Amino acid sequence: MRVTLPTVADTHAFGRRLAGVLHAGDLLLLTGPLGAGKTALTQGIGAGLGVLGDITSPTFVIARVHRPDPVRGRGVALVHADAYRLGDAADPRAEIDDLDLDASVDDSVTVVEWGEGLVEQLVDAHLRVRIDRRDDDTRLVELEPVGGDWAARLAALA
Ligand SMILES: Nc1ncnc2c1ncn2[C@@H]1O[C@H](COP(=O)(O)OP(=O)(O)OP(=O)(O)O)[C@@H](O)[C@H]1O
Ligand SMILES: [Mg+2]
């Protein structure tokens, strides 16, 4: 599935729509270059799930738990991790293990930026989301189902 997102507002809206097919236990792997819009998409997903706290690019913390808003939320937390800063680590896999994502993955939607090759083993299926920036500054999003029922869920989204 491919979608063109002209503005950051479109990316937020798409994240909200995507949240409609997400549930606890899901893992999303966001890829794409610096400034592509991975965090912007995560903000939309967070809004769609109704979670608390601003979704930002953390400077030091590399994973943050956003709890569901008791009123607006769907009862599912969003775990947002950004492994960019692990790029230089001697053993990035060990650093990821320290985050204990496997302890929260079953009860949350887990969204990981820069996590390729590091977090796929957390669950037996995941959704790959690739965002690319075009010359005209619009974004192209490609969603690739990897196992599970992701293909059917994307079909429902289309
Ligand atoms: N269509 C669009 N979708 C998303 N972001 C857009 C779009 N058009 C412009 N932008 C801008 O691009 C930037 C995207 O930043 P964002 O932090 O989401 O990227 P990122 O992929 O998470 O980067 P990083 O790899 O550094 O974490 C924002 O400043 C946003 O306003
Ligand atoms: Mg980011």
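This briefing looks at how ligand 1 sits in its protein and then turns to one of the residues beside it, Thr 39. Keep in mind that the model is predicted. Ligand 1 takes up the space of the largest pocket, and 17 residues surround it there.

**Who is around the ligand**
- Among the 17 residues around ligand 1, the closest are Thr 11, Gly 35, Lys 38, Thr 39 and Ala 40.
- Sorted by class, this shell holds 8 nonpolar, 5 polar and 4 charged residues.

**Polar contacts with the backbone**
- A polar backbone atom of Thr 7 lies 3.1 Å from a nitrogen atom of ligand 1.
- Gly 37 also brings in its backbone, with a polar atom 2.9 Å from an oxygen atom of the ligand.
- For Thr 39, a backbone N or O atom is 2.8 Å from an oxygen atom of ligand 1.
- On its own, ligand 1 would expose 640 Å², and the protein buries 72% of that area.

**Which helices take part**
- Two elements, α1 (8-19) and α2 (38-49), each give two or more residues to the shell around ligand 1.
- Of the elements, α2 gives the most, with 3 residues.

**A closer look at Thr 39**
- You can find Thr 39 in helix α2.
- Is Thr 39 buried or exposed? Its relative accessibility is 13%, and because buried means under 20%, Thr 39 counts as buried.
- While the backbone of Thr 39 reaches the ligand, its side chain makes a polar contact with the side chain of Glu 113, at 2.6 Å.

Key: Residues are numbered from 1 along each chain as its sequence is written. Chains are lettered from A and ligands numbered from 1 in the order in which they are written. This is a predicted model: local features need pLDDT of at least 70, side-chain atom pairs count only at pLDDT 80 or more; totals for chains, interfaces and linings use all residues. Side-chain values use heavy atoms; hydrogens and water are left out. A residue is near a molecule or strand if one of its heavy atoms lies within 4 Å of it. A polar contact is a pair of N or O atoms within 3.5 Å; within protein, one must be able to donate a hydrogen and the other to accept it, and residues adjacent in sequence count only if both atoms are side-chain atoms. Accessible areas come from the Shrake-Rupley method with a 1.4 Å probe; for residues, only the protein chains shown count as cover. On a 1 Å grid over the protein atoms alone, a cavity is a set of points where a 1.4 Å probe fits but cannot get out, and a pocket is an open set with protein on both sides within 12 Å along at least five of seven lines; lining residues have an atom within 4 Å of a point. A molecule sits in a cavity or pocket if more than half of its atoms lie within 2 Å of its grid points. Helices (H or I, at least four residues) and strands (E, at least two) are DSSP runs, numbered from the N terminus. Ala, Val, Leu, Ile, Met, Phe, Trp, Tyr, Cys and Pro count as nonpolar, Asp, Glu, Lys and Arg as charged, and the others, Gly among them, as polar. Buried means under 20% relative accessible area, exposed over 50%, partly exposed in between (1.4 Å probe, protein chains only).
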